[in-house]
Amino acid sequence: MLPEEIIKIQGLTKTFKNKKSNLMALENINLSIIDGEFLCIVGPSGCGKTTLLRILAGLEKQTEGKIYIKPKNPGGLITSMVFQGDSLFPWMSVIENVEYGLKIKGVDKKQRRKMALEFLEKMGLRKFADYYPHQISGGMKQRVNVARAFVSDPDILLMDEPFGALDEQNRLILQQELLRIWEGSEKTTIFITHSIDEALFLGDRIVVMTAHPGKIKAMLKVDIERPRELLKLRTSPHYNELYKTIWELLEEEVRKAEETRGVKRNV
Ligand SMILES: Nc1ncnc2c1ncn2[C@@H]1O[C@H](COP(=O)(O)OP(=O)(O)OP(=O)(O)O)[C@@H](O)[C@H]1O
C-alpha cells in the first residue's frame, strides 16, 4: 500500500449463492482510497453499491479478492456506517442514541455525554437531546445519525444514501452541514448516492459503476476548491462539464439496469 492510502481493494468479486442460482453482484473491483478523502459512488440501482459498503464494514464477506485497510489508531473503531433508513433506537433519547457507540467502547458516562453534546451542538440539535426519535423530523433523525457516526471517531465513515429519503431542501441543508463537520475532521468518507449533484458537491472523487454486475466504469476527480458553496458551484463551468460527463456515463448503465429488470421503455 502507498503511504497515503487507507483502503486498497484488489480484484474484489461478490457472488450471492442461492439454492437455485448464483448472482454476481460485484465483479473485479480495484480501488484505492486516500486517507482523508471524500469518495462518492454513483451507479444504477442494483449495481452493488450497498454490497461494497457492507463488505468494507465487515458485514458481508467478498467471494474473491483482497481488501487492505490501514488502521489509524490501534484499538480504535475502523468503520462506522450511516444508513438511509431510520436506524435510531426508538426507545432511546437523541443523546442516548448518539452516546451508544461510546458506551459500547466503555467510555465513562460523563465523558460520553460531553462528547455527544458537542456533536449534537455541531448538528444544531442540542435543544433536542432529550427528545425521542418519534418526536423529531426525518431530517433531524439523519442529523442524529451523522452525529452518532462522527462521535465514535472511526477511521472511515461509510454512508449509504444517508439523505436519500429527505426532501430537497432538507437534503441541501444536511449536505452543507455534513461538509462543515467533515471539513473539520478530514475523515475518510465513502458516500453512496443516486444524485450527481450531491456527488459533485461533496466528493473529491466520484466512482461511476456499471449496471449489474457492478464494475468500476470511471473515476473522476472533482477539481473544485473547498470550502464549497452550493450556489457558486452550480454556476461553475467545471461543475457543468463534470455533470454532463457523469450523466453520459451513467445514462447507458441506468438503461441497461432497466432492461435487465424488464422495464419496457418507449424511446
Ligand atoms: N443478501 C443478498 N442475497 C442475495 N442477493 C443479494 C443480497 N444482497 C444484495 N443482493 C443482490 O445484489 C445486487 C446488488 O445489490 P445492492 O443492494 O448492493 O445494490 P445497490 O447498487 O446498492 O442498489 P440500490 O441503488 O437500489 O440501493 C442486487 O441484484 C441484489 O438483489
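Figure 1. The H8 residues in question are Leu242, Ile246, Leu250 and Glu253, which count as buried. As a reminder, an α-helix has 3.6 residues a turn, so residues three or four places apart point the same way.

**Figure 2. Helix H8 from end to end.** H8 runs over residues 237-260, which makes 24 residues. How far apart are the C-alpha atoms at its ends? They sit 35 Å apart, and that agrees with the 34 Å the helix should span at 1.5 Å a residue. Look for the kink too: H8 bends by about 25°, with the bend centred on leucine 250. Leu250 also turns up among the buried residues of H8.

**Figure 3. The shell around the ligand.** Which residues surround the ligand? They are Phe16, Leu23, Ala25, Gly43, Ser45, Gly46, Cys47, Gly48, Lys49, Thr50, Thr51 and His212. Strand E2 (22-34) and helix H1 (49-56) each put in at least two of the shell residues. H1 makes the largest contribution, with three residues. For the complex as a whole, the predictor reports an ipTM of 0.98 and a pTM of 0.94.

Figure 4. Lysine 122 belongs to helix H3, which covers residues 109-122. Arginine 143 is 21 residues away from lysine 122 in sequence, and their C-alpha atoms are 9.7 Å apart in space.

**Figure 5. The whole chain, for context.** The protein chain has eight helices and nine strands. Its radius of gyration is 19 Å, close to the 18 Å from the globule rule for 267 residues, so the chain is as compact as a globular protein of that length. Along the principal axes, the C-alpha trace spans about 55 × 45 × 40 Å. Of the 267 residues, 35% count as buried. Among contacts with a separation of 6 or more, 72% link residues 24 or more positions apart. How confident is the predictor, and what is the average pLDDT? The chain averages 93, and 98% of the residues score at least 70. One caution when zooming in: where pLDDT is low, the predicted coordinates should not be read in detail.

Key
Residues are numbered from 1 along each chain as its sequence is written. This is a predicted model: local features need pLDDT of at least 70, side-chain atom pairs count only at pLDDT 80 or more; totals for chains, interfaces and linings use all residues. Helices (H or I, at least four residues) and strands (E, at least two) are DSSP runs, numbered from the N terminus. The expected span of a helix is 1.5 Å times one less than its number of residues. The bend at a residue is the angle between axes fitted to the seven residues ending there and the seven starting there. A residue is buried if 20 or more other C-beta atoms lie within 10 Å of its own, exposed if 12 or fewer, and partly exposed in between; C-beta atoms are placed from the backbone. The radius of gyration is taken over C-alpha atoms; the globule rule is 2.2 Å times the number of residues to the power 0.38. Two residues are in contact if their C-beta atoms, placed from the backbone, lie within 7 Å. pLDDT is the predictor's confidence in each residue, from 0 to 100. A residue is near a molecule or strand if its C-beta atom, placed from the backbone, lies within 6 Å of it.
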